Amino acid sequence: MHISEGVLTIPVLVGGGLITAAGTVIGLKKIDYDQVMTIGLFSSAFFIASFIHVPMGPTSVHLLLNGLLGLILGWAAFPAILAALFLQAVLFQYGGIIVLGANTVIMCLPAVIVGLLLKPGIQTNGKKRLLVSFAAGFLAVLGSSLFMAAALILSNEGFQTASYLLVLWNLPIATLEGIITMFTVSFLARVQPEILAFSLDKQS
Amino acid sequence: MNVKQILAVSIFTALLWSPFSSSAHKLNLFVWTENNTVTVESSLSGGRTLRHGTVTVIDTASGKTIVSGETDNNGIFSFSLEQEIVKQSPTLDIIVSGGDGHQAHWLLQGDEYGGKAETQVVVQGPPEQQPTAQQAADGEGLYLSKTEFEQLLDSLLEQKLAPIRKNIGLLVNPAPSLRDVGAGIGYLLGCAGIIAWFRSRKQNNMNTRKGEQ
C-alpha cells in the first residue's frame, strides 16, 4: 500500500505533506518521555509487518498493523508510522521520500480516527474487546484503501476504475488485519495490560 | 475441532487464497534488449508478476509516446523498435504502471539497443580470398563487409548476453535482506532510545533544580 513516486500530483503531495506535518506535531506534543520506547517498539512492529508476506495460491498478502497502532498509540501513531515509512523508503525504495507525506496520511489518518473512536472499547473485557479490536484493524485498512483511492482519483482520472477495485481488493486484507489485531490486543491484554491503557492515561 | 473452528479456518484459508487479495510495496522493473526487440519484465514485491500492467514507452527527445501496451500473465511485454527510432537512438523512458499507485521507470539509453551509427566502410578483401560463385552459392567462404560482420557479431552477442542482462536486472532489484530489516529496527529503537534518554535527562535536571529550590 505504498504509492510510488511520480503517480500523485503536486497538490495531493503538498496536502499529504501538510496533514502529515500537522499530525506529527500533534502526536509529538502528546508524547510523554516514558512512552517513547513503547512508540519505538510499535513503530518497529509496523516496519516489520510490511515484510511479512504470506504466499498463498496465486497471490500473497502482507500485514499493515496500522489499526493496532492507531488503537494503542492514538495521535502518536503519526510519528511512529512516519519514521517506519521513512526508513522503508530510504532502505528499500518502498514509496519514496517525495510521496512520504501522502503515504503517511493514507496509512495513519484512518488508523488514528478509528483508534480515537474505538479506544475506550479495548478497556472492556471479553467479547466486546475482541469485537472492537477486530473493527479497528478492519476499518483502518479499509479507510486506508479509501484514502488511497481518493488520492489516486484526485491525481489522475485514469486511476478511477483501478481505485474502485482497490477498495474491493483490500477487503480480504482488511478482514485478515482485523483478525490479527483482535488476537494481538487479546494477547496484550493478558501479558501486558498497561499497554492498552497507554493512550487513554497519557494523551486524553 | 468443532463447527465454529472449522468455519473460522475455512474463512481464513479462503481469504488467503482469494484472487483479489493483493498488496505490495514496490513495482520491480527490468528491461533488456535483443537486437531491436525490447523486453519489459515487471513484478511486484513479494515475487508476484504484474499481470496486465500498463506499459508506456516515451521518446525522451521528443516527449512522444512511441509504444504502449499491457504486460501478459507472466508480467512480460515485448516490442520491436522502428528503424527510424533505432537510427535516432534516443533515450527511452519505459514506464510500467500497476494501476494501484505502483509505478516504475526504466531509462533505456540509445546505445543499449541496436541504434549504432552505421559505418559505410566496406573492406574489400584481396581477390584471391573472394569466394568462387560455387562457394558463395553453398555459403562457403562467404566474404562479409566490416559493417555486415559487426552487425552479425552484435546480433550474436545480444543473443548471448540477454540472459546475463536479465540476471543483472534481478540483482538490481534485490529482495530486502534480513540485515536491512534488522538495520531498520535498529534505527527505530535506537532513535527512540536516544530521544528517551535526552528527555529523561531533561526531566532529571528539572527535578534536581526543584529539589535544590
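This section describes the secondary structure, sheets, helix packing and nonpolar cores of a predicted model.

Residues are numbered from 1 along each chain as its sequence is written, while chains are lettered from A and ligands numbered from 1 in the order in which they are written. Because the model is predicted, local features need pLDDT of at least 70 and side-chain atom pairs count only at pLDDT 80 or more, whereas totals for chains, interfaces and linings use all residues.

Chain B contains five helices and seven strands. Helices (H or I, at least four residues) and strands (E, at least two) are DSSP runs, numbered from the N terminus. Along the sequence, the elements of chain B follow the pattern α-β-β-β-β-β-α-β-β-α-α-α. Of the 213 residues in chain B, 22% are buried; a residue is buried if 20 or more other C-beta atoms lie within 10 Å of its own, exposed if 12 or fewer, and partly exposed in between, with C-beta atoms placed from the backbone. Among the contacts in chain B with a separation of 6 or more, 54% are between residues 24 or more positions apart. Two residues are in contact if their C-beta atoms, placed from the backbone, lie within 7 Å.

Two open sheets are described for chain B. One has three strands in the order β1-β2-β5 (chain B), with antiparallel pairing; two strands pair if DSSP finds at least two bridges between them. Its edge strands, each pairing on one side only, are β1 (27–34) and β5 (76–80) of chain B. From one strand to the next, the twist averages 15°. Axes are lines fitted to C-alpha atoms, for helices over the stretch in contact, and angles run from 0 to 180 degrees between N-to-C directions. Eight bridges connect β1(B) with β2 (residues 37–44) of chain B in the antiparallel sense, and E34(B) has T37(B) in β2(B) as its bridge partner.

The other open sheet has four strands in the order β4-β3-β6-β7 (chain B), and its pairing is also antiparallel. Here β4 and β7 (103–108) of chain B are the edge strands, each pairing on one side only. Neighbouring strands of this sheet are turned against each other by 15° on average, direction ignored. Strands β3 (residues 54–59) and β4 (residues 65–70) of chain B pair in the antiparallel sense over five bridges, with T54(B) bridged to E70(B) in β4(B). These two strands, β3(B) and β4(B), form a hairpin with five residues between them, and G63(B) in the turn has a positive phi of about 80°. Strand β3(B) also pairs with β6 (residues 92–97) of chain B, antiparallel and over six bridges; V57(B) has I94(B) in β6(B) as its bridge partner. Strands β6(B) and β7(B) run antiparallel and are joined by six bridges, and L92(B) stands opposite L108(B) in β7(B).

In chain A, α1(A) and α5(A) pack at an angle of about 50°, their axes being 8 Å apart. They are therefore oblique to each other, given that angles under 35 degrees count as roughly parallel, over 145 as roughly antiparallel, 65 to 115 as roughly perpendicular and the rest as oblique. The crossing of α1(A) past α5(A) is left-handed; a crossing is left-handed if the near helix is turned anticlockwise from the far one by less than a right angle, and right-handed if clockwise. Residues making this contact include G16(A), G17(A) and G23(A) of α1(A) and G101(A), A102(A) and C108(A) of α5(A). The contact involves A83(A), A84(A), L87(A), L91(A) and F92(A) of α4(A), and D180(B), A183(B), G184(B), Y187(B) and L188(B) of α5(B).

The largest nonpolar core has 69 residues, of which L69(A), A77(A), A80(A) and I81(A) touch the most other members. A nonpolar core is a set of buried Ala, Val, Leu, Ile, Met, Phe, Trp, Tyr and Cys residues joined through C-beta atoms within 7 Å. Elements supplying at least two residues each include α3 (66–73) and α4 (77–92) of chain A and α5 (178–212) of chain B. Helix α6(A) gives the most to this core, with 13 residues. Beyond its neighbours within four places in sequence, L69(A) is in contact with F42(A), F46(A), A77(A), A80(A), I81(A) and A111(A). Another core, apart from this one, has 20 residues, among them V40(B), V57(B), I85(B) and Y113(B).

Q35(A) lies in the loop between α1 and α2 of chain A and is buried, with 20 other C-beta atoms within 10 Å. The C-alpha atoms of Q35(A) and Y94(A), 59 residues apart along the chain, are separated by 28 Å.
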